[in-house]
Amino acid sequence: MGGTKHQRRGDTRRRIQDVALELFAEQGYEKTSLREIAERLAVTKAALYYHFKTKEDILVSLFQDMTRPMDELIDWAKEQPHTLATKQEVLRRYSEALAAASPLFRFMHENQATVRELSVGESFKDRMVVMMEIIKEPHMPLVDQVRCVSALFTMHAGMIALRDVEGDPEEKRKAALEVAIDLVTQAHGGTGGA
């Protein structure tokens, strides 16, 4: 009973986030109002306020939900041996986390000025710095450090740049992941893709 009410509350929160992200994508963050979000959900503004007081609260909650798997991945990676196999697994898991958060990443890409103004932009940047530290080695030649950093951005760019390329989204994700793994493998003395 108490669990059912909590479940319903979680579903409402998720629906608000999904609808807000849709509206942000359609008309931009700045041009979307809480009233419009409530109207699309067919709920009162009071019901919306119960979960979120501002648009920024909604956006921050989306980032927190998206970064939770990233934080778990970072924590896991820090506990693993600093090997090529670990780094390849980090890329695989990161690719899956990115795929799950693709609507939010599209929003970030299309609303960079807004993201920079919000606290979430800095916290995401901080996580990316840690991810880069996990993937590369400080003693590597500069060209190999660039390969490692580029591996992460290959997956990000794959989500944005390949969006308009015809094909199955999962196949595109796998292709970007393969290139990212090739870059890290090559940076660690491997032969890359062949």
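The chain holds 10 helices and 0 strands, where helices (H or I, at least four residues) and strands (E, at least two) are DSSP runs numbered from the N terminus. Read from the N terminus, the order of elements is α-α-α-α-α-α-α-α-α-α. The model is predicted, so local features need pLDDT of at least 70 and side-chain atom pairs count only at pLDDT 80 or more, while totals for chains, interfaces and linings use all residues. Residues are numbered from 1 along each chain as its sequence is written, and side-chain values use heavy atoms, with hydrogens and water left out.

Along the principal axes, the C-alpha atoms occupy a box of roughly 60 × 40 × 30 Å. Of the 194 residues, 40% are buried, that is, under 20% relative accessible area with a 1.4 Å probe, protein chains only. The accessible surface, computed by the Shrake-Rupley method with a 1.4 Å probe, comes to about 10,900 Å², and carbon and sulfur atoms contribute 54% of it. Among contacts (heavy atoms within 4.5 Å) with a separation of 6 or more, 67% join residues 24 or more positions apart.

A closer look at one residue follows. Lys87 sits in helix α5, which spans residues 84-100. With a relative accessible area of 1%, Lys87 is buried. Leaving aside residues up to four places away in sequence, Lys87 touches His82, Ile134, Ile135, Lys136, Glu137, Val184 and His188.

How values were computed: Buried means under 20% relative accessible area, exposed over 50%, partly exposed in between (1.4 Å probe, protein chains only).
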